[in-house]
There are 2 protein chains.
Amino acid sequence: MAINIAILGFGTVGSGVAETLDINKDVISKRIGQEINVKYILDIRDFPDSRFADLVTHDADEVFTSDIKIAVETIGGARIAYEYTKRALSAGISVVTSNKELVSTHGPELIEIAYQNNCCYYFEAAVGGGIPIIRPLYKCLAANKITKIAGIVNGTTNYILSQMKNEGIDFDSALKQAQANGFAEANPSADIEGIDAQRKISILSTIANDGAYIAPESISAEGISAVTTADMDFAASIGCDIKLIALYEAGDKPVVYVAPTLVDKSNLLYNVCGVFNAIMVEGNSLGQAMFYGQGAGTLPTASAVCGDILEVAATDGKPAENRSWSKESVEITPYDEIKADIVIRVDSSKAVDGYEASVLSDEAVLVKGIKHKDIADLVAKTGAKSWMHYLK
Amino acid sequence: MAINIAILGFGTVGSGVAETLDINKDVISKRIGQEINVKYILDIRDFPDSRFADLVTHDADEVFTSDIKIAVETIGGARIAYEYTKRALSAGISVVTSNKELVSTHGPELIEIAYQNNCCYYFEAAVGGGIPIIRPLYKCLAANKITKIAGIVNGTTNYILSQMKNEGIDFDSALKQAQANGFAEANPSADIEGIDAQRKISILSTIANDGAYIAPESISAEGISAVTTADMDFAASIGCDIKLIALYEAGDKPVVYVAPTLVDKSNLLYNVCGVFNAIMVEGNSLGQAMFYGQGAGTLPTASAVCGDILEVAATDGKPAENRSWSKESVEITPYDEIKADIVIRVDSSKAVDGYEASVLSDEAVLVKGIKHKDIADLVAKTGAKSWMHYLK
C-alpha cells in the first residue's frame, strides 16, 4: 500500500523532503507499514536537472483533485501558501508545513478548516527546524500546565551573535559573514529584527496557552541590529552572553516578548551557539526540559516535515488530540506593564531605590521585577549607559 | 465521559501520577475531551494519611476484572510488575510504566502481548524521567535512520560526578552525600555500577535499531565507582569532565556500551550537571538534537507517565505505529572489537605507533579508533598511568 502525497514548492525544504523520503524509504515503509509516494511536485519552475524532474507539475487543479492524501506546503509566505493550504484542507487533504509565517498568522482558521474536513494541519517544522518541539508539547507534556518557555528560535541571529562574540567583530561584519555563509538572506530583516522569532513564539505560546491564540502582531519584538561589540564585551565581563530570547510566561494575561537578553553562563541556553536553536520548557509537573538541535537547514527541517507526514499516515489522516486554536487573539500583558529582570550598565555605587537589586560587577547592577515602563526613568535617574534583559 | 485507570504500586512515581492527574485535571480533560479517573490504587500497603486513601485496594482480581482501560505500573522490578503487566495486557488493558528493568528485560514479550490484545504498552518514563525521548524517537524522528545516541541517562551517577568535581571530594564521600540528599538509594549498586544506564541504553538502542532487540545483558557496562579525584583533576586539565555515557552507534552489529567518559567542553553534554539527564540523538536527516531535563524525581517522572496515559486515552487504547521488538536479542559488536576514541594518561613524548593520535596536554594523548582488546597492550607499551573513553 502506498500513500500519495504532493510537495507544494520545491525550494530548500521541499527538495529536502523529497530527498529524505527517498533515502529513508526502507525504514519508513517498515515503520508505518506503507510507502510514502511523492506523486506531484507543484512549482512554477521546472527542475530539469533534478532526479525528481518527472514529478514536477504547474497544474494546481490536477494536484488538488487527485488522490493525494497529504500536501507538503513548503512554499513559504502567506499568500499562495495560504490559498493552497485552504484548498487542500477543504478537500480533506492533510497539510504539513514548515511555514511559520502562515501558521502564526492564519493558524486559527486553517486548523479549523482541517477539523471541519476531518484532516490534519501539522507544523512541527515551523519552530526549531529539526528539533521535535510542537509534538512533544502537545503529546508528551500534555499532563502539564506549561508555565514558561524561553527559547533561542532563530539560527541566523544566534549565528551573528556567536560570530560577534568569538571574533570580536561588529554586527554589520557578522551579518555579512552570515550572508556569505548562507546563514542569512539577502534581505535579512525578518531574522535580525526579531520578526521570525516573533512568529515562532506566537506558535509556541498559543500551544502552551492551550490554544488561546496569541497573534504575532500582539507580541513585542526587538531584534539584534542595535547590539554593539561594547555590549558583547560587557556581557562577557559579567559572565553572560547575549542571545535573542523569545519568552512566554503563563498567566491570566500571558507575558510574551522577543528581546536581546543577557543569558547567565549557568543557564544551558548560554552554550547554544552558531545556527543551533534550543527551547527551554517549564511545566508544573515536568520541571524544566530543553530541546536542542539544528533550527534550520534543508535536511533537519525536512526531518520534522517528514515526521509530520508519517504521523498523518499512521493515523490515516485523522487528527487525534484537540489542537484547535481560538479565533481571536487573546489579551497578553502590555509590554509596558511586564515586570522584567534587567541589568543596567552603571557605576554599582549608584543607588537603585525601590527595587530588588544586586551588584554583578563594578559597572553592572541586576534589577529585579521592574516594569518596562519604569526602565527609562531608572536609566535617567542613575545615569546608566544602557540596559538589557537578563536571564539566569 | 471518563476513563477509569488503576495505579499499580503507590510509591514515589505512583503517588506522583495521582498527584499530577489531580492538580492538572482541568487542562487534561480540556485537551483530550474526557476525564482520567483513578479508580484503584493497588498496593500491599495502606496509605491512611493520603488523600487518595479511599482508592487503595489489595485485591488484584478486582482491579483486573474491572472496567479500567489503563494500568499504571509503578511497582518496579521484574517480578510482580511482570505478572501484573502480563495480566493487564492479556485482558486488553493498556499498561504505561516507568519500569526500565521490566521493559529492558521483557519488552519483546510484553509489547507482543499488547499487540495481540489490541492495547498499548508505553514506557516514556523508563528513560530520562520527565524528558520526552521515547515518543520523539518513534514519532518525530520516524523519517530518520538513527545513527548515534549518546546520553547521560542516570541522575545518581551524574550527581556524584558533579559533586566530586565541584567539591573536590572522593567517590565515597560524594556517594554518601547523594544518599543523604535522596539522590542515591541505600543500596546504590544498580546506579553506580552502570546497570540502570545499561537498561536504559538497551531500550533506546532497540528503538534506534528499529525494534531489533538489544538485551541489557549483551551490553558492556562499567560504572563510576573506580573514578578517582585524580581522574577528575586530570579531566579538568584537558578541558574535559567525566560523565557516565551510554552509547549507541548504528551498524550491522551495533556498538553499544556504558562507560565513564571524558567529555570535551565543546560537547553540550559537558554542561549537564547534577541529577539532570540529557540524550543526544543523531539522525541521517536530522543531524544532532539533544533532549535535556530531570531524569528522575516524583513529578517529572509522573509527567512522562501521564503523557503516556493521555496518549492511550486519545487513541482509545489502540496502538498507532509499529513498535514491535524482535523476540531474540540481536548480535552487537563484541566489546573487544569495538573501535573507540580514548585518552591515555602518559608523557606526551611517548610514541603511539600505529594509531591516529594527538597530544592534548603534557600528559594526555588522544588515541583514535583503537580496538578495546588492544588498549591493555598500548597502556603497557607506553607505560600510561590510565586510560578512559573520550567524547568530543
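How many residues does helix H10 of chain B have, and what distance does the helix reach from its first C-alpha to its last? Helix H10 (residues 195-208) of chain B has 14 residues and reaches 20 Å, close to the 20 Å expected at 1.5 Å a residue; the expected span is 1.5 Å times one less than the number of residues. This is a predicted model, in which local features need pLDDT of at least 70 and side-chain atom pairs count only at pLDDT 80 or more, while totals for chains, interfaces and linings use all residues. Residues are numbered from 1 along each chain as its sequence is written, and chains are lettered from A and ligands numbered from 1 in the order in which they are written. Helices (H or I, at least four residues) and strands (E, at least two) are DSSP runs, numbered from the N terminus.

- A residue is buried if 20 or more other C-beta atoms, placed from the backbone, lie within 10 Å of its own, exposed if 12 or fewer, and partly exposed in between.
- B:Asp210 follows H10(B) and lies in the loop between H10 and strand E8 (220-221) of chain B.
- B:Asp210 counts as partly exposed because it has 17 C-beta neighbours inside 10 Å.
- Although B:Asp210 is not a glycine, its phi is positive, about 55 degrees.
- Most residues other than glycine have a negative phi.
- B:Asp316 is also not a glycine and has a positive phi of about 55 degrees.
- B:Asp316 is found in the loop between helix H12 (298-314) and strand E13 (339-345) of chain B, and with 10 C-beta neighbours inside 10 Å it counts as exposed.

**The contact between chains A and B**

- Chain A and chain B each give 49 residues to their contact, where two residues are in contact if their C-beta atoms, placed from the backbone, lie within 7 Å.
- On the side of chain A that touches chain B, helix H2 (25-32), helix H6 (134-140), strand E12 (287-294) and helix H12 (298-314) each supply at least two residues.
- H12(A) gives the most to this side, with nine residues.
- Strand E12(A) pairs with strand E12 (residues 287-294) of chain B in the antiparallel sense over five bridges; two strands pair if DSSP finds at least two bridges between them.
- The bridge partner of A:Met290 is B:Tyr292 in E12(B).

**The open sheet of chain A**

- Six strands of chain A form an open sheet with parallel pairing, in the order E3-E2-E1-E4-E5-E6.
- Strand E3 (56-57) and strand E6 (121-122) are the edge strands, and each pairs on one side only.
- Strand E4 (residues 70-73) and strand E5 (residues 94-97) of chain A run parallel and are joined by four bridges.
- Within this pair, A:Ile70 stands opposite A:Ser94 in E5(A).

**The domains of chain A**

- Chain A is divided into domain 1 (2-129 + 298-314), domain 2 (137-294) and domain 3 (336-391), with bounds from an automatic or database domain assignment.
- The C-alpha centres of domain 1 and domain 2 of chain A lie 27 Å apart.
- Domain 1 of chain A gives twelve residues to the contact between them, and domain 2 of chain A gives 15 residues.
- Helix H5 (residues 100-116) of chain A gives the most to the side of domain 1 that touches domain 2, with seven residues.
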